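Hi,

Here is the model I promised to pass on.

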Amino acid sequence: MSEIFINRARACAFTGHRKLTENFSIDKLKQTIEKLIDGGFNTFLVGMALGFDTECFKILEGIREQKNIKIIACIPCENQAQKFPQKDKIEYERMLSVADQKVYVSKEYTAWCMQKRNEFMVDNCSVLVAFLRQEKSGTGNTVRYAVKKQVMIINL
């Protein structure tokens, strides 16, 4: 795993489902991120999955043009996008190219690399913004881990 310094007190991470339901609000997500920035958060850890993570990254990228924030791409393995549809692979590569930093949890895909990526993000933040609708999911596991680690959770 890459070595980087993250000020946990000013860092926020994201977790959410790949498939966004009809009650997902991009406006509510953007407002939440803006409030966090106004409250002093300047480092954002994004897991780089499809769906919620992608939406978070795009919002952060737009805000970064006006605010001094850092986007850290937290990548479970080097071939994360291998099975993504082609258009999503192109967007994934573009986002990686503009991320301020990249952290790779594992070189190869393993049964645990996604969970390790999620634990890394929780271990390095003080707030977790979640879009949790299914408890039995990677997002559910991440939120439960954040509760155990006493990280503040904002569930949209």
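Which residues of H2 are buried? They are Phe 52, Asp 53, Thr 54, Cys 56, Phe 57, Ile 59, Leu 60, Glu 61, Ile 63 and Arg 64, where buried means under 20% relative accessible area with a 1.4 Å probe, protein chains only.

Before the rest, some housekeeping. This is a predicted model, with local features needing pLDDT of at least 70 and side-chain atom pairs counting only at pLDDT 80 or more, while totals for chains, interfaces and linings use all residues. Residues are numbered from 1 along each chain as its sequence is written, and side-chain values use heavy atoms, leaving out hydrogens and water.

Now the rings. The whole structure has 6 aromatic pairs (Phe, Tyr or Trp rings, the six-membered one for Trp, with centres within 6.5 Å; planes under 30 degrees apart are stacked, over 60 edge-to-face, the rest tilted). Phe 14 and Phe 44 are stacked, 6.2 Å centre to centre with 25 degrees between the planes. Phe 14 is in strand E1 and Phe 44 in strand E2, so this pair ties together parts 30 residues apart in sequence. Phe 84 and Tyr 92 are edge-to-face, because their planes sit at 85 degrees, with centres 5.5 Å apart. Ring pairs also link Phe 14, Phe 24, Phe 44, Phe 52 and Phe 131 into a cluster.

Cheers

Key. Buried < 20%, exposed > 50% of the residue type's maximum accessible area, 1.4 Å probe, protein only. Helix = DSSP H or I, 4+ residues; strand = E, 2+ residues; numbered from the N terminus.
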